[in-house]
Amino acid sequence: GCQFCGACVDVCPTGALTEKSMKYEGLPEQASQVVCTLCSLGCRMDVHTRGNSILFSRPAEEGPVNAGQACVKGRFFLKDVVHTPKRVTRPLVREKGEWVEKGWGEALALVARKLKEFKPGETALVESSQASCEEGFVLRNLAGEVLKTTNLFRPHVFSPTSTYLRMMDRSGILSGLNGKEDAIDAAEKIVVVGTDIATTHPIVWLKVLDAVKSRGAELFVLASPEFAFDRFSKNTLRIPPGAEVPVLTGISKLILERKEEAEGTEKDYSAFAADLEGWSLKDYEKNTGISLEAILDFGVRLSEPGPVAYLFGAEASSRPDGEAVLSALWNLAQQTEGSLVPLGMEANERGLLELDRSG
C-alpha cells in the first residue's frame, strides 16, 4: 500500500531512511511556501532553495488541504519540473526550420504582426488549465476585445468539474449538491465512482482511508477495473465498461421502490418514479451483466440513513455519455442525501471555469 509520499523519511528517528537525491546537496538557505500545481487539489508545500535552485520540497504542516501530507508528485517532482532541461525559459522563433532564441520584445512584435493578418472570428485560442485566473482574464479580453473571436478552448473541457458545472448552469437545481472535499469528513458512506483516487488524487484517498479506519465510514466502489483500495471496501460493484448509466439507474430504482414501501416518506418522488416506469429491475442482469442479488445488496446498504459523499473523476465524465452518467449519479445522490464531489484534472480548472460562467 505504499504511496511513495516520503512521509517515512520525515518520521524516521535514526536517519536510516534518507532522500537519495539530497544526500550530497548540502543545506538550503531559505524556505518558501507555495501551492503545488501538479493536480487540482492545491496542496501547500514548503520549497527549500539555495540561490536560484530548488533543493527539495516538503508538505506544509498547516496546509489547509493536505495538513502535512504530500503525494509522490508534490514531494519529489516539483524540483524536476522547474529544473528540467526541456523547460522553455526564453521565447523561441522558428527561422528556416530551426528554433532560435529571441528577446521578448521581438517575439511579441512578431506574434502581434501575424495576428493582425486575420479577420474577426478567424483565430482560436487554446488555454491551459494550469493558467492563473489573472492570465485567464487577460486571455479572454485578448480573445473578445482584440481578436474579436469566441473560439477559446481548453483541453480538459470534458473534465469532471466542467461537465458538472455545465449541468448546473442548465438545470439550476444542481447547485445545492456542489459538494467539496469536506463532505468526506462528515460522510458515513463514501462512494467512489470509476476512478483510482489512490493514484489520481492521493491526498483525497488519505482522507477516505482515515474516514474508513478512524470513523468506521463505509467505502463503496463502482468501477470497471480492480483498484488496490478495493480491499477496504465491503461494497464493490464491478461494472462492465459503458454500463454506468443502467447500473446507477438500477440502484435508484431499487431505493425508490424501498421508499415507496416505507411509511411517512417526506419527499415527493412521483415525477422521478414516472421517469423510471419503463425501467424494470427484472431486466437488470441482462442490461448490465451484474446479478440482481449484487445490486440489491449494494442498494440496501447505500440507502441506510446517513450522509453520503460521491467522488467521481474523468472516467465518469470525459466520454460521450458523460452527462448522462452524472445525471444518473445526481438522481442517486438526491435519494440518499448525498454530496457530489467532482475531482478535477488540472490545477486551476475550476477557477477558469468560473471565469467562463461569470461572462
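Two strands pair if DSSP finds at least two bridges between them. Strands here are DSSP runs of E with at least two residues, helices are runs of H or I with at least four, and both are numbered from the N terminus. With that, take K189. In β9, the bridge partner of K189 is E218. In β11, K189 stands opposite V308.

A word on the source. This is a predicted model, where local features need pLDDT of at least 70, side-chain atom pairs count only at pLDDT 80 or more, and totals for chains, interfaces and linings use all residues. Residues are numbered from 1 along each chain as its sequence is written, and side-chain values use heavy atoms, with hydrogens and water left out.

Now the sheet. What is the strand order in the open sheet of five strands? The order is β10-β9-β8-β11-β12, with parallel pairing. β10 (235-238) and β12 (338-342) stand at the edges. Each has a single partner strand, so one side of each is left without a neighbour in the sheet. From one strand to the next, the twist averages 15°. Axes, for this and later angles, are lines fitted to C-alpha atoms, for helices over the stretch in contact; angles run from 0 to 180 degrees between N-to-C directions.

Next, β8, residues 189-193. Five bridges join β8 to β11 (residues 308-312), and the two run parallel. V193 has F312 as its bridge partner in β11. β8 also pairs with β9 in the parallel sense, over five bridges. Is β8 mostly covered or mostly open? Mostly covered: five of its five residues are buried. Buried means under 20% relative accessible area, exposed means over 50%, and partly exposed is in between, with a 1.4 Å probe and protein chains only. In a regular strand the side chains alternate between the two faces of the sheet. Here, K189, V191 and V193 point one way from β8. I190 and V192 point the other way.

On to the aromatics. The structure holds four aromatic pairs. Rings of Phe, Tyr and Trp (its six-membered ring) pair if their centres lie within 6.5 Å; planes under 30 degrees apart count as stacked, over 60 as edge-to-face and the rest as tilted. Take F220 and F298. Their ring centres are 5.2 Å apart and their planes are at 85°, so the pair is edge-to-face. F220 lies in strand β9 and F298 in helix α13 (residues 292-302), so the pair ties together parts 78 residues apart in sequence. F220 is buried, at 0% relative accessibility. F298 is buried too, with a relative accessible area of 2%. Separately, W205, F227, F229 and F232 form one aromatic cluster.

Now a loop residue, N66. Where does N66 sit? In the loop between β3 (53-59) and α2 (72-76). At 3% relative accessibility, N66 counts as buried. What does N66 touch, leaving aside its neighbours within four places in sequence? C43, R44, M45, P59, A60 and I203, where contact means heavy atoms within 4.5 Å. The C-alpha atoms of N66 and V204 are separated by 8.7 Å, at 138 residues apart along the chain. The N66 side chain also reaches two backbone oxygens. The backbone oxygen of R44 is at 3.0 Å. That of Q69 lies 2.8 Å from a polar atom of the side chain.

Next, α15, residues 322-335. At 1.5 Å a residue, its 14 residues should span 20 Å; its end C-alpha atoms are 20 Å apart, which agrees. The expected span is 1.5 Å times one less than the number of residues. Among the buried residues of α15 are G322, V325, L329 and W330.

Last, two backbone points. Just after α15, E337 takes a positive phi of about 55°, although E337 is not a glycine. E337 is in the loop between α15 and β12. Buried or exposed? E337 is exposed, with a relative accessible area of 62%. K148 has a phi near 55°, again a positive value in a residue other than glycine. K148 lies in the loop between α5 (133-146) and β7 (152-153). K148 is partly exposed, at a relative accessible area of 46%.

Notes. Polar contact = N/O pair within 3.5 Å; in protein donor to acceptor, adjacent residues only side chain to side chain.
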